[in-house]
Every structure is written in structure tokens, then in C-alpha cells.
Amino acid sequence: MTAIPEDDRRRLDEQGWVRLQGFIAHDRRRRITERIDALFAEEGDAAGSEFRQEPGARRLANLVDKGPVFVECITDGVVLDHVAQVIGPAKLSSLNAREALPRTTEAQPLHVDAGALPDERGFWVCNTVWMLDDFTPDNGALRVVPGSHRWSRRPQDVLRDPLAPHPEEVLVTGRAGDLVVMNSHLWHGGTANRTNRRRLALHAFYCRRDKPQQQYQKALLRRETVAALPAAARVLLALDDPANDAMSAEGGRSGFMK
């Protein structure tokens, strides 16, 4: 792990999230978006079938297997340094795209990713949100409850209605090309997209190396994909880790809350 800016470190520690403004270069964002759009067209109604679906959104899943541009994203050194600030040495847990569909009323309840609570070693899940479109107050931006990553409670266990507004929540808005790194023990959820345009993001979700992957990468990746991976990606995907095999093999298909 290399040094990250002190303000980023402080925000991750205290607030539970940080936004890296303008992080995704225009050409990179174009390549990611074009590949996602091609996959939505190719997969049709089966899009995201490796992942549990939700109302008001459509997804793609298993993206490491679906294009070199996604391998570039998960192995980005700056992103990994920020993730390591939250959970230490990490592995990829899942890589998905999420499109908040236009003109919907559905929103996500406040949740923690994978239903995870910190353990005796501390935090163990961290998500990154690659903003491929602007995130505005009306188009399905993320809402978070700052500092809730330190509460060691899940919203569904203590709130009467996790879909309801929380008195301490804030909206995470930003421009296309920004990237959010978020301690996934933070209470958060996607809001409804009330506009007439989609809102697209890439979600690279990481976990601590002693925990099971949300989606067992070794079982999902095609042989030709594995053969083309650089060594750093093999490590990040835990492809040569017998302990990960034992932990993750029984995980099966999963969704954003478990």
C-alpha cells in the first residue's frame, strides 16, 4: 500500500467514503461505456443473470470475463491503494455494472454490502463506484449515512423502514468521470431515478483476503480469459488461492445485500 492523500484517508476513516473527482479519463470512460452498452445488447433479457436482480435497475455481472477494459479497472493502483486504506490486502469480490432505469420510483433500502459487519480484525468490505454518468439529486444518486460504518449494526436490523429517508443521510452526487471509494459497512443505497435518462455506474467490490468472494471468480471465468490475465490480476482474483477456493466455492450467485 502506498500513501494516499491525507484528506482522502481522513474522509475514509471518519465519513466512510471519498470521491475522487475527474479520476476516470474521458477515453477510458468511453471504452467502459461502449463495452457495457454492447454487452447489454448482446445479453438481452439474460443480462446480469449471474447476479440477483432488483426492481428499477438492470445489471451486468461477471465483467472480468467480458473485456480487458474491466481488468484494467479492477487492477488500477490508485483505486487499490484507497481500498487498502479501508480493508488492507484485498481481493476482488465481484464486478458489476448497474443502470438505474429512468422514470422509476424504486430505490434501494439502506444496506451494508453483502450484509457484512466488521469482525474482530475490523473492516472487510469496500466498494468502488465508477460514475459513468453524472450523479444528480434526481437520477438515482447514492445516499449514505456518514460515520455509520463504525456503528457495527445493519440498517435492516434496527430501522423500522430502511427505505425511508434517514435524518443523517447525504446524497453522493458527482460528474461523469468521478469515482467513489466507500467502506461497504457504511449504510447506503441507490435512490430512484426520476429523470428520463438512465444513470450508469460500474461497481468493483472488494473484500479482505480472508473472506469469501461475493461471486467466486475462479468458477466464472473462461479458460481463455484466465490465460490472458496479468499476474497481478490473478492475485487480485485469488485464482491460485486454495483458501479462497474453500471459502468461496459454496457461495453461488449473490446480490447487493448478501
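Reader: Against which elements do the buried residues of α4 pack?

Author: This is a predicted model, in which local features need pLDDT of at least 70, side-chain atom pairs count only at pLDDT 80 or more, and totals for chains, interfaces and linings use all residues. Residues are numbered from 1 along each chain as its sequence is written, and side-chain values use heavy atoms, with hydrogens and water left out. Helices (H or I, at least four residues) and strands (E, at least two) are DSSP runs, numbered from the N terminus; buried means under 20% relative accessible area with a 1.4 Å probe, protein chains only, and contact means heavy atoms within 4.5 Å. The buried residues of α4 pack against α1, β1, β3, β4, β7 and β9.

Reader: Why is α4 described as largely enclosed by the rest of the structure?

Author: The buried residues of α4 include Val-79, Asp-81 and His-82. Helix α4 is largely enclosed because, of its eleven residues, the number buried is eight.

Reader: Which residue caps the N-terminal end of α4?

Author: A side-chain oxygen lies 3.0 Å from the backbone nitrogen of Val-78. The residue that supplies this oxygen and caps the helix is Asp-76.

Reader: In what order do the six strands form the open sheet?

Author: Strands pair if DSSP finds at least two bridges between them, and the pairing here is antiparallel. β1 (17-20) and β2 (57-60) each have a single partner strand, so they stand at the edges. The order is β1-β7-β4-β9-β3-β2.

Reader: Which residue of β7 stands opposite Val-129?

Author: Five bridges join β4 (residues 125-131) to β7 (residues 179-183). Opposite Val-129 stands Val-180.

Definitions and conventions
Buried means under 20% relative accessible area, exposed over 50%, partly exposed in between (1.4 Å probe, protein chains only). A polar contact is a pair of N or O atoms within 3.5 Å; within protein, one must be able to donate a hydrogen and the other to accept it, and residues adjacent in sequence count only if both atoms are side-chain atoms.
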